[in-house]
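I opened this notebook page to record what I looked up in the structure, entry by entry. The entries below follow the order in which I went through it.

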Amino acid sequence: MTTFPEFPAPAAAAVDFRTVDLRGRNLTLAALRGAVPRAKGQTMADAEEKVLGIISAVRQRGFSALAELAERFDGVAQDHPLVPRDAIDAALDQLDPAVRAALEESISRARKFADAQRPRNVDVELGDGAVVSQNWVPVARVGLYVPGGLAVYPSSVIMNVVPALAAGVESIALASPPQKEFGGLPHPTILAAAALLGITEVYAIGGAQAIAAFAYGIEASPAGPALEPVDVVTGPGNIFVATAKRLVKGVVGIDSEAGTTEIAILADDSARPALVAADLLSQAEHDPKAASVLITDSEELAAAVRAELELQAAATKHSARVQEALSGPQSGVVLVDGLEQGIAACDAYAAEHLEIMTRDAAAVAARIRNAGAIFVGDYSPVSLGDYCAGSNHVLPTSGTAAFSSGLNVTTFLRAIQVVNYSREALAEVSGHIVSLSRAEDLPAHGDAVTVRFPG
């Protein structure tokens with residue numbers, strides 16, 4: 001295995017923001033992927049056994065299993081997880097007007113972007129009477145997960161619901177963890193956001209058990225009505241949620257394995273250290289396991305950012321959480337030889353959120369192949385995307401942006417192909433079909449065509 005020098009910050013520093021030095025090395029993609037900072041703690045493989053047990057319990061014992069899990073993980077006594085309609089309405093009535101105005105603006109911008117994403121149906125005429133079409137059809141029902149825990153995410157309600165509505169989904173269910181301090185219901189701001197979007201089927205279910213309930217459904221019981229299974233499950237969450245989504249994929253569709261948040265920033269010596277540090281810190285605020293990575297060819301910038309992180313981390317509200325995230329193996333500075341190696345490192349890392357803070361940032365951003373979302377220049381921070389850019393903040397993590405997309409309207413659509421040939425159009429290609437069926441030793445395929453032309 002190739003090893004790379006690591007230079008930790010001074011021992012007295014509250015933020016141990018390490019450095020990985022890739023300079024002077026001609027690295028393969030595999031070597032780059034192994035070099036960039038990644039979490040070295042619990043993995044999906046570690047979580048899989050626990051999640052399988054949760055899924056099995058929910059499938060076998062339904063609402064009773066959900067009640068036990070709510071007691072165990074959330075400290076909540078629960079008979080049935082369906083949130084009463086009057087609680088949803090009351091949450092909206094009691095919402096802070098400033099928060100309501102912010103949510104409404106976020107919804108408006110997200111709707112404009114989502115409405116523009118819906119692909120058009122196409123009809124292709126391949127000859128007289130030979131038409132092949134592709135029609136985009138929404139799935140019938142979706143289950144949307146909104147995490148709880150260390151923070152409250154009404155913005156995730158918007159990010160999940162708006163593209164589903166834009167796709168034309170008719171049945172939408174939402175789940176968010178029960179909160180002991182709110183009588184076992186999800187946080188009232190979550191409920192208010194659901195009310196703003198017209199969502200009335202909301203469940204107080206958290207974690208992997210919510211994903212299992214959506215995927216397999218739960219039959220009605222004396223505790224309450226059935227929870228009907230869904231076709232697609234979306235939404236971010238911790239490693240247990242991401243693992244559950246991986247395990248039910250194939251039973252239902254999923255958006256991506258959107259786990260613990262991460263940010264990478266590609267910056268040169270033109271970047272402003274205070275802005276770079278603030279953006280790294282903003283994502284570290286989410287979770288002690290959040291990843292914040294700076295990729296740069298400037299030792300001077302790296303040093304200045306490190307100093308800014310010390311100052312800003314000490315002053316922020318969630319200082320301990322931020323310092324733990326910035327000091328973890330998933331965070332740090334990656335020193336590169338120049339822009340080319342920096343872009344290669346970005347593509348190897350495949351960040352959930354990638355900021356470009358370089359000269360000619362737009363041109364550099366256009367060269368990136370792997371990222372959930374790209375934020376260009378000093379005035380497009382990730383925080384903008386989290387709330388009010390109009391883009392979607394449910395994005396692939398842990399390198400999966402190399403092959404997965406962020407949540408969007410097409411997540412909730414299926415492309416159905418329609419073939420409509422006349423007798424004359426089929427006759428025109430019948431000989432080719434017979435020839436190919438014989439070449440594949442499937443003569444009945446050809447016979448299914450020739451039987452239509454007797455004599």
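**Entry on Glu-299 and its partner.** I began with Glu-299, which counts as partly exposed because its relative accessibility is 46%. This is a predicted model, and I kept that in mind for every entry on this page. The side chain of Glu-299 meets that of Arg-23 in a salt bridge, at 3.0 Å from N to O. Looking up where the two residues sit, I found Arg-23 in the loop between strand 1 (19-21) and helix 1 (29-35), and Glu-299 in helix 10 (residues 299-315), so that the pair, 276 residues apart, links distant parts of the chain. Arg-23, at 29% relative accessibility, is partly exposed. I also noted that Asp-21 is linked with Arg-23 and Glu-299 in a network of salt bridges.

**Entry on other salt bridges.** How many salt bridges does the count come to? I noted 13, and I looked up two further pairs.

- Glu-105 forms a salt bridge with Arg-109, with the closest N and O atoms 2.6 Å apart. Both residues lie in helix 4, 4 residues apart, which is about one turn of the helix. I found Glu-105 partly exposed at 36% relative accessibility, and Arg-109 partly exposed at 40%.
- Arg-359 forms a salt bridge with Asp-269, the closest N and O atoms being 2.8 Å apart. This pair, 90 residues apart, links distant parts of the chain: Arg-359 is in the loop between strand 12 (351-357) and helix 13 (361-365), while Asp-269 is in the loop between strand 9 (262-267) and helix 9 (273-284). Arg-359 counts as exposed because its relative accessible area is 51%, with exposed meaning over 50%; Asp-269 is likewise exposed, at 51%.

Is Ser-106 buried or exposed? Its relative accessibility is 5%, so I put it down as buried. Setting aside neighbours within four places in sequence, I found Ser-106 in contact with Ile-158, Tyr-387 and Cys-388. Cys-388 itself is partly exposed, with a relative accessible area of 26%, whereas Cys-346 is buried at 3%. The disulfide count comes to 0.

**Entry on the nonpolar cores.** The largest nonpolar core has 44 residues, of which Val-142, Val-157 and Phe-412 touch the most other members. Among the elements that each supply at least two residues of this core are helix 3 (85-93), helix 4 (97-117), strand 4 (141-145) and helix 5 (154-167). Helix 5 gives the most, with 8 residues.

**Entry on a nonpolar surface patch.** Which residues make the nonpolar surface patch of about 440 Å²? I listed Val-122, Val-124, Leu-126, Val-419 and Tyr-421. Strand 2 (122-127) and strand 14 (413-421) are the elements that give two or more residues to the patch, and strand 2 gives the most, with 3 residues. Val-124 has its place in strand 2, and I recorded it as partly exposed because its relative accessibility is 40%.

Methods: Residues are numbered from 1 along each chain as its sequence is written. This is a predicted model: local features need pLDDT of at least 70, side-chain atom pairs count only at pLDDT 80 or more; totals for chains, interfaces and linings use all residues. Side-chain values use heavy atoms; hydrogens and water are left out. A disulfide is a pair of cysteine sulfur atoms within 2.5 Å. Buried means under 20% relative accessible area, exposed over 50%, partly exposed in between (1.4 Å probe, protein chains only). Patches are made of residues with over 30% relative accessible area and no salt bridge: like charges are joined within 9 Å, nonpolar side chains (Val, Leu, Ile, Met, Phe, Trp, Tyr) within 5 Å. Accessible areas come from the Shrake-Rupley method with a 1.4 Å probe; for residues, only the protein chains shown count as cover. A salt bridge is a side-chain nitrogen of Lys or Arg within 4 Å of a carboxyl oxygen of Asp or Glu. A nonpolar core is a set of buried Ala, Val, Leu, Ile, Met, Phe, Trp, Tyr and Cys residues joined through side-chain atoms within 4.5 Å. Contact means heavy atoms within 4.5 Å.
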